[in-house]
Amino acid sequence: MMDSYKTAILRILIKRQKNPIEITSLVDGFPSHFKNEVTSSIFYLHSLGYVSIYHSPTGNKYISLNLEMKRDTLRLVNP
């Protein structure tokens, strides 16, 4: 069972499957008092393999759904 932050992140990434999103933009989409929880959730999902993190040449970090885990991800957000 995923907490609400992780579930929300996965739902956003499912909707934007073809376009990676900048991590700072994703975090900024949540209320400011939840930024630490959201950031921790992103790196936790990465450690489990649900998301991939890319570093751009300009130094920005992008996140996208790991397509190999798409089926499992859909089961998590729509049980």
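**Close-up 1. Helix H1 meets helix H4.** The axes of H1 and helix H4 (residues 70-77) come within 10 Å and cross at roughly 125 degrees. Axes here are lines fitted to C-alpha atoms, for helices over the stretch in contact, and angles run from 0 to 180 degrees between N-to-C directions. That angle makes H1 oblique to H4; angles under 35 degrees count as roughly parallel, over 145 as roughly antiparallel, 65 to 115 as roughly perpendicular and the rest as oblique. The contact (heavy atoms within 4.5 Å) brings Thr-7, Leu-10, Arg-11 and Ile-14 of H1 to Thr-73, Leu-74, Leu-76 and Val-77 of H4. H1 passes H4 in a left-handed crossing, where left-handed means that the near helix is turned anticlockwise from the far one by less than a right angle, and right-handed means clockwise. Helices (H or I, at least four residues) and strands (E, at least two) are DSSP runs, numbered from the N terminus.

Before the next views, a word on the model: it is predicted, local features need pLDDT of at least 70, side-chain atom pairs count only at pLDDT 80 or more, and totals for chains, interfaces and linings use all residues. Residues are numbered from 1 along each chain as its sequence is written, and side-chain values use heavy atoms, with hydrogens and water left out.

Close-up 2. Thr-7 lies in helix H1, and Leu-76 is found in helix H4. In sequence they are 69 residues apart, yet in space they are 7.6 Å apart, C-alpha to C-alpha. Thr-7 is buried, with a relative accessible area of 16%, whereas Leu-76 counts as partly exposed at 29% relative accessibility. Buried means under 20% relative accessible area, exposed over 50%, and partly exposed in between (1.4 Å probe, protein chains only). Not counting residues up to four places away in sequence, Thr-7 touches Met-2 and Val-77, while Leu-76 touches Met-2, Leu-10 and Tyr-50.

**Close-up 3. Helix H1 meets helix H3.** Here the axes of H1 and H3 come within 9 Å and cross at roughly 70 degrees. The two helices are therefore roughly perpendicular to each other, and their crossing is right-handed. Look for Tyr-5, Lys-6, Ile-9 and Leu-10 on H1, which make the contact with Glu-37, Val-38, Ser-41, Ile-42, Tyr-44 and Leu-45 of H3.

Close-up 4. Leaving aside neighbours within four places in sequence, Ile-9 is in contact with Leu-26, Phe-30, Val-38, Ser-41, Ile-42 and Leu-45.

**Close-up 5. An aromatic pair.** The structure holds 1 aromatic pair. The rings of Tyr-5 and Phe-34 have their centres 5.5 Å apart and their planes at 50 degrees, so the pair is tilted. Rings of Phe, Tyr and Trp (its six-membered ring) pair if their centres lie within 6.5 Å; planes under 30 degrees apart count as stacked, over 60 as edge-to-face and the rest as tilted. Tyr-5 lies in helix H1 and Phe-34 in the loop between H2 and H3, so the pair ties together parts that are 29 residues apart in sequence.
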